[in-house]
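I opened my notebook to look up a few backbone and sheet details. Here is the structure I had on screen.

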Amino acid sequence: MPSFTYRITKYDPADRDEHGSYVGAEDAVSDHGPVEAAYLAAVTAFAEATGIDRLDVREPQVAGPVSFGREPAVEGDGLAGLFPPGLEGFHDGATVPLAVALELIRAMLRDNGVWCRLEVEDAFTVHVGWDQYLYVGSDRPCEEALTRTRALGLFPERLPVSPYAAELDEEPGEQRPADGDFWELVRRRVGEGRAALLEERHVANASRWHLLTEHNLDEVRARLAPRACVAVWPDLLTDIDAVVAERSSGAARSSPEPSRTSPPSASRSWTSAASPR
């Protein structure tokens, strides 16, 4: 976690009430113009002061079925032109040049649909929150960058930590690595007819599905995005009438395996290509 963290906004601290809420006249959306450009220039100033020209994508997300942004999500989630189609290359741990990172920040300020943390280990972080709140962390005080940010008309405020720091995330529960033992188990389950589909969640709110056979398992594994979360499922049930009849009669399955109509938890794991945070 960086030693110095700043909240950077267009909101004058003089226009906050006793609870710290902003009560001034500034809109809580991007102007898609000079103020947005000032945010990006401030990030650039902090990155240059820290000696950073590339950042790592962390915990990437795209828009789900419901968007909570103040602006509507756009087709492609703001990633068009930054990554190949189909979210190729956009995954946890992907390294991008500063210019691409700035465009990701622009898309997040506009609520385009994409969201991620941008970090360089404990040296530098950029987190975009709701309502045009930006959080920049550095292992240096960045006094010149602070001066530059104020000159841009923005207000940097020192914080103990970014509210979007990964260290503050709730524990996601047990996370099993997709190591050799995991894939050997999957191979056995496929051979027994107990596993047929693999769900690859390389970006939150987006999944890719792979049909598993005894002959293509290594090929599927090689195609998975680094640090993706994977879930292994049995084959879909095709006899719909039998499923409906079973549910109607209230008959209970003796097997805990998921079905098309009532899928309990699958076997989930993280791909072995994951790198440490």
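**Notebook: a cysteine, a leucine and a sheet**

I started with C142, which is buried, with a relative accessible area of 6%; buried means under 20% relative accessible area, exposed over 50%, and partly exposed in between (1.4 Å probe, protein chains only). I noted that this is a predicted model, where local features need pLDDT of at least 70, side-chain atom pairs count only at pLDDT 80 or more, and totals for chains, interfaces and linings use all residues. Residues are numbered from 1 along each chain as its sequence is written, and side-chain values use heavy atoms, with hydrogens and water left out.

Next I looked up backbone angles. Most residues other than glycine have a negative phi. C142 has a positive phi, near 55°, and sits in the loop between β6 (134-138) and α3 (143-151). I also found L87, not a glycine either, with a positive phi of about 65°. L87 belongs to the loop between β2 (54-61) and β3. Helices (H or I, at least four residues) and strands (E, at least two) are DSSP runs, numbered from the N terminus.

Then I turned to the sheet. In what order do the seven strands of the open sheet run? I read β3-β2-β4-β5-β6-β1-β7, with antiparallel pairing; two strands pair if DSSP finds at least two bridges between them. β3 (95-97) and β7 (155-159) stand at the edges with a single partner strand each, so one side of each has no neighbour in the sheet.

Last, I checked β1 (residues 4-9), which pairs with β7 in the antiparallel sense over five bridges. There I found T5 opposite L159 in β7.
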